[in-house]
Amino acid sequence: MEDPKKFLFVLSAAGAAGFVSIIFVLRWVLHFKEGLAWDGGLAEFNWHPVLTVTGFIFLQGIAIIVYRLPWTWQCSKLMMKFIHAGLNLAAFIFAAIAIVAAFDFHNAAKIPNMYSLHSWLGLTVVILYGLQLVLGIGMYLIPITPVSWRRAFMPIHVYSGLLLFGSVIAVALMGITEKLIFGLSNPKYKDSPPEAIFVNVLGVLLVLFGALILWIATRTSWKRPSEQTLHTLHSNGESEANTKVGPALSELADGTDTESGGDVRRRNNKSDNQAD
Ligand code: HEM
């Protein structure tokens, strides 16, 4: 890996931003709001921000960068695909329960559903995320899917994954702003009471978490090396192989861009297997 210290620093910063966001959302609902319950009231609605932040944002962020963690590189690619899919599935389940909580609360309080831009975009990202999950499992976990399909689909999978992650954060920021406007009456949001400041900071932390995850996910030099390279590393011994194949690692692209990995493959006269 190129610049492992920088990687660790950015990863720790992302982990800290994500972890503190979870603490903040819990403190918001438990200290400033009505707490948590499943009773059709405001305490049930509070599951909505808690589950979207912990599941849909935090777990999804970890799922995106899980292949990048160097200490997982000795695990098989198949195992990592199961972990990636499992984390995304957990994120989807959290998001689905979060939406049920919001609908339940609206129905019990006779508030109309799906009137806001937040709700339109929110439901859209959850549906598209579900589609991304089904297509991802179909393409990369079902053994009979042709490798040519996997390679061709990979740039779309990566692009839509990153787009959805960014959109989920944008949707959360809209929801947070709406809730602060609805929920604060005396003093109002514009008067900057402690809750408003506290939850504004939560929004900033979510943006920071998203920015750091996207930074890690878009660094070519921090990608999991190809299976052939890892195999070479294992058979030659880590330190010796590092000096021999190290420079090639930074050039290697994921299955995400099989085209740009082409030079290295041609030089090595090996076929790319990252989309496998
Ligand atoms: C990040 C992922 C999120 C998604 C996908 C999402 C999705 C949704 C959806 C689909 C609804 C419509 C429910 C209905 O009409 O009955 C809704 C409502 C709502 N959400 Fe979110 N939400 C997210 C995060 C948040 C967060 C973090 C908050 C902060 C409290 C929030 C606040 C609200 C509020 C106040 C409503 C009710 C008003 C409205 O329908 O706009 N949301 N959300």
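**Exercise 1.** In which loop does lysine 110 lie? State its phi and say whether lysine 110 is buried or exposed.

*Solution.* The structure is a predicted model.
Step 1: locate the residue. Helix α4 covers 77-108 and helix α5 covers 117-140, and lysine 110 sits in the loop between them.
Step 2: read the backbone angle. Phi of lysine 110 is near 55°, a positive value although the residue is not glycine. Most residues other than glycine have a negative phi.
Step 3: count neighbours. Lysine 110 has 6 other C-beta atoms within 10 Å, so it is exposed.

**Exercise 2.** Which peptide bond next to proline 187 is cis, and where does proline 187 lie?

*Solution.* 
Step 1: the bond that runs from asparagine 186 to proline 187 has omega near 5°, and this bond is cis. Most peptide bonds are trans.
Step 2: proline 187 is located in the loop that joins α6 (147-183) to α7.

**Exercise 3.** How far apart are the C-alpha atoms of alanine 108 and glycine 40? Describe the setting of alanine 108.

*Solution.* 
Step 1: along the chain, alanine 108 and glycine 40 are 68 residues apart, and their C-alpha atoms are separated by 5.7 Å.
Step 2: alanine 108 is part of helix α4.
Step 3: because alanine 108 has 13 C-beta neighbours inside 10 Å, it counts as partly exposed.
Step 4: consider the whole protein. Among contacts with a separation of 6 or more, 72% are between residues 24 or more positions apart.

**Exercise 4.** At what angle do the axes of α3 and α7 cross, and which residues make the contact?

*Solution.* 
Step 1: helix α3 (residues 47-65) and helix α7 (residues 194-217) have axes that come within 9 Å and cross at roughly 15°.
Step 2: angles under 35 degrees count as roughly parallel, so α3 is roughly parallel to α7.
Step 3: the crossing of α3 past α7 is left-handed.
Step 4: α3 contributes Ile57, Gly61, Ile64 and Ile65 to the contact, while α7 contributes Leu206, Phe209, Ile213, Ile216 and Ala217.
Step 5: sorted by class, this contact of α3 with α7 holds eight nonpolar residues, one polar residue and no charged residues.

**Exercise 5.** Which helix gives the most to the shell around the ligand, and which residues come nearest?

*Solution.* 
Step 1: there are 26 residues around the ligand, of which Ser116, Ser119, Gly122, Ala172 and Gly175 come nearest.
Step 2: at least two shell residues come from each of α3, α4, α5 and α6.
Step 3: α6 supplies seven residues, the most of any contributor.
Step 4: by class, the shell has 15 nonpolar, nine polar and two charged residues.

**Exercise 6.** How many helices and strands does the protein have, and what share of its residues is buried?

*Solution.* 
Step 1: the count is 10 helices and zero strands.
Step 2: in sequence order the pattern is α-α-α-α-α-α-α-α-α-α.
Step 3: of the 276 residues in the protein, 30% are buried.

Key
Residues are numbered from 1 along each chain as its sequence is written. This is a predicted model: local features need pLDDT of at least 70, side-chain atom pairs count only at pLDDT 80 or more; totals for chains, interfaces and linings use all residues. Axes are lines fitted to C-alpha atoms, for helices over the stretch in contact, and angles run from 0 to 180 degrees between N-to-C directions. Helices (H or I, at least four residues) and strands (E, at least two) are DSSP runs, numbered from the N terminus. Angles under 35 degrees count as roughly parallel, over 145 as roughly antiparallel, 65 to 115 as roughly perpendicular and the rest as oblique. A crossing is left-handed if the near helix is turned anticlockwise from the far one by less than a right angle, and right-handed if clockwise. Two residues are in contact if their C-beta atoms, placed from the backbone, lie within 7 Å. Ala, Val, Leu, Ile, Met, Phe, Trp, Tyr, Cys and Pro count as nonpolar, Asp, Glu, Lys and Arg as charged, and the others, Gly among them, as polar. A residue is buried if 20 or more other C-beta atoms lie within 10 Å of its own, exposed if 12 or fewer, and partly exposed in between; C-beta atoms are placed from the backbone. A residue is near a molecule or strand if its C-beta atom, placed from the backbone, lies within 6 Å of it.
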